[in-house]
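Here is a briefing on a structure, sorted by topic. Keep the sequence and the 3D view at hand as you read.

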Amino acid sequence: MGLLRVRQWASTRGGVGVRPGLLLLLPLIATLLFLVLPLAALVDRSVSDQGIGAAFDLLGDDLFVDALKRTLVLSLIVTFGCCVIGVPYTLAMVGARRSVGLVLLLILLSTFWISILVRTFGWVLLLQPAGALEQVLHKFGLVSGSLDLFQTTPAMYPAMVHVMLPFFILPVYASCLRLDTDLLRAGQSLGAKPLSVLRHVVLPHLRPAILAGASIVFMLSLGFFVTPLLLGGPDNLTVATLINRQFSELYDLGTAATMALFLLIVVLVLYLVIDRFVPLVQSGAPDT
Amino acid sequence: MAPALSLVSAAIAVYLLLPVLIIFPVSLTSDAFLTWPPDLASFRWFSAFFDNPAWAHALEKSIEIALPVTVLATVLGTAAALGHSYARHWRRSLQTLFVAPFIIPVLAYALGIYSVAGRVGLVASIWPIVIGQTMVTLPLVFLIVSSGLAGRDRDLPRAAASLGAPWPRVLWSVELPLVRNAILAGGLLSFAYSFDEIVIAYFLSTAGGGTLPVQMLSAANEAADPTIAAASIFVMGVAMTIGILAVAARTWLARTPQ
């Protein structure tokens, strides 16, 4: 049949006849059993060990509030850092000569591809006492004595930005690729200078993607574990490392579960709020 | 491109590469500590890595877990993507559901699995880890296969159906081959992700020792000798190999006629 006939046939007959329900059965069961159930078990563990509302009682615990504040500040700074570094880098990836743009993209992808643990370990080598960074700064006479960065909160900032950057750049980059170059040419033909085109055409187009990327980075940073564990110390626990301490060192699953529940609730609420304003998930039209 | 932007992006590129590059010389040090600058050209830490039973056991465990995760995540993720592509209702909710594990704090999820595993008596087995990592990797496969499906020619399955093929046949013989690139990419990515996954593996690790990342984490927290640097180079090597395999497979698949 011709193409048009095929399409007519498909629409009258109701499509290819695929039953999506059957396809979705296995993934849905898996999600219910292996995603929803463990989360319900977490809630149950917290409630049965420490009672309902224990998650909110945590706000009265100084140690927890301290960790929470530190985590929020860390996440905000990391998100801001990703935006400030990520946007110029993405613009460079798209705006540069093809070969240069490709190299920049490859560098980004290779860091994304390398495990978070390995990357954080590299930062440990850089930032540890008598580490590489300290010795370079010594050589140039910029710093005397110990840099004392290790196990401090500021040490986490460059490392976490490094880890989170690909999560920010990839959605923004995808959005850049979708930018209609005709719009850019129209702007230029009307006499606008490149900076003006940037401000009035490119950045507004990228805004949803930048907001989406920033939201993702923020939510991921709240619960992030590896980098604060390796670069932090017992004096500057984040929510994640505090939970780890409760679980791995104090063997207190109940408190750990309650703290984890708090974290979960915060992230879920954030997600629901942000999703109203910024589309984090896009849905296309169904096939038939 | 404006010179200021070139300079800035070059600086950022250096920032991105530096922590990774620094591990190379450290892994070749002949010192017993993670000193800088390293006393170069000794492969002793690579030998230490490969000969040490603790590290070899960890590597075994990583592979033992990564293989089932890859199979499960790819199958489930592809089914989810195909099902979603044909779903007429609840599309947004389905998509949110399948992408959700990406947003949920893995820490909370891992503790949840621990609670369930404790009740079911599975604490000493690898299956809680396999299940946990599968669910966390599923969104990746789902997104990759979904975007592969979005680009395909929708008339082909319709043509096949109009020629009388029942819908399972259409799926198996027409749809799946159309997205085999995406499925392959999803599979390779699942393996790489599971191999490097740390949070679930750490919280659910059994007394018999953890996966390679878990071993690296405890080494970094305790002894901190350059074996970790050698292990890191090895892990990077695995990741690079997988990446090269993925690119090679795509090129090869693109050449063979469908």
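A:Leu206 counts as buried, because it has 22 C-beta neighbours inside 10 Å, and the cut-off for burial is 20 or more. The residue sits in helix α10 (residues 194–222) of chain A. The model is predicted, so each position here is a computed one.

**Around A:Leu206**

- Which residues does A:Leu206 touch, not counting residues up to four places away in sequence? They are A:Val172, A:Ser175 and A:Cys176.
- A:Ala174 is 32 residues from A:Leu206 along the chain. The C-alpha atoms of the two are separated by 9.5 Å.

**Chain A as a whole**

- Chain A has 13 helices and zero strands. Read from the N terminus, its elements run α-α-α-α-α-α-α-α-α-α-α-α-α.
- Chain A has 288 residues, and 43% of them count as buried.
- Take the contacts in chain A with a separation of 6 or more. Residues 24 or more positions apart account for 73% of them.

**Confidence**

- The model scores ipTM 0.84 and pTM 0.85.
- Chain A averages a pLDDT of 82, and 88% of its residues score at least 70.
- Chain B averages a pLDDT of 82, with 91% of its residues at 70 or above.
- Where in chain A is confidence lowest, and where is it highest? The lowest mean, 69, belongs to helix α1 (residues 3–13) of chain A. The highest, 90, belongs to helix α4 (residues 62–95) of chain A.

**Where the chains meet**

- The contact takes 75 residues from chain A and 72 residues from chain B.
- Helix α2 (residues 20–50) of chain A gives the largest share of chain A's side, 15 residues.
- That side of chain A divides into 58 nonpolar, 12 polar and five charged residues.
- Leaving aside its neighbours within four places in sequence, B:Ala79 is in contact with A:Leu23, A:Leu26 and A:Pro27.
- Is B:Ala79 buried or exposed? B:Ala79 counts as buried, because it has 22 C-beta neighbours inside 10 Å.
- B:Ala79 and B:His57 are 22 residues apart in sequence. In space they are 34 Å apart, C-alpha to C-alpha.

**Two helices that cross in chain B**

- Two packed helices are described by the angle between their axes and the distance between the axes.
- The axes of α3(B) and helix α9 (residues 180–196) of chain B come within 8 Å. They cross at roughly 145°. The crossing is right-handed.
- On α3(B), the residues making the contact include B:Ala66, B:Val69, B:Thr70 and B:Ala73. On α9(B), they include B:Gly186, B:Gly187 and B:Ser190.
- By class, this contact of α3(B) with α9(B) has seven nonpolar, nine polar and no charged residues.

**Nonpolar cores**

- In soluble globular proteins, nonpolar side chains tend to be buried together.
- The largest nonpolar core here has 159 residues. Those that touch the most other members are A:Met164, A:Met259, A:Ala260, B:Leu107, B:Ala108, B:Ala110 and B:Leu111.
- α3(B) supplies the largest share of this core, 14 residues.
- B:Ala110 touches B:Gly132, B:Val199, B:Ile200, B:Phe203 and B:Leu204, not counting residues up to four places away in sequence.
- A second, separate core has six residues. Among them are A:Val6, B:Ala159, B:Ala160 and B:Ala161.

**Two residues with positive phi**

- Most residues other than glycine have a negative phi.
- A:Tyr251 is not a glycine, yet it has a positive phi of about 55°. A:Tyr251 lies in the loop between α12 (239–249) and α13 (253–277) of chain A.
- A:Tyr251 counts as exposed, because it has 8 C-beta neighbours inside 10 Å, and the exposed class is 12 or fewer.
- B:Trp90 also has a positive phi of about 55° and is not a glycine. Its place is in the loop between α3 (53–86) and α4 (91–103) of chain B.

Terms used:
Residues are numbered from 1 along each chain as its sequence is written. Chains are lettered from A and ligands numbered from 1 in the order in which they are written. This is a predicted model: local features need pLDDT of at least 70, side-chain atom pairs count only at pLDDT 80 or more; totals for chains, interfaces and linings use all residues. Two residues are in contact if their C-beta atoms, placed from the backbone, lie within 7 Å. Helices (H or I, at least four residues) and strands (E, at least two) are DSSP runs, numbered from the N terminus. Ala, Val, Leu, Ile, Met, Phe, Trp, Tyr, Cys and Pro count as nonpolar, Asp, Glu, Lys and Arg as charged, and the others, Gly among them, as polar. pLDDT is the predictor's confidence in each residue, from 0 to 100. Axes are lines fitted to C-alpha atoms, for helices over the stretch in contact, and angles run from 0 to 180 degrees between N-to-C directions. A crossing is left-handed if the near helix is turned anticlockwise from the far one by less than a right angle, and right-handed if clockwise. A nonpolar core is a set of buried Ala, Val, Leu, Ile, Met, Phe, Trp, Tyr and Cys residues joined through C-beta atoms within 7 Å.
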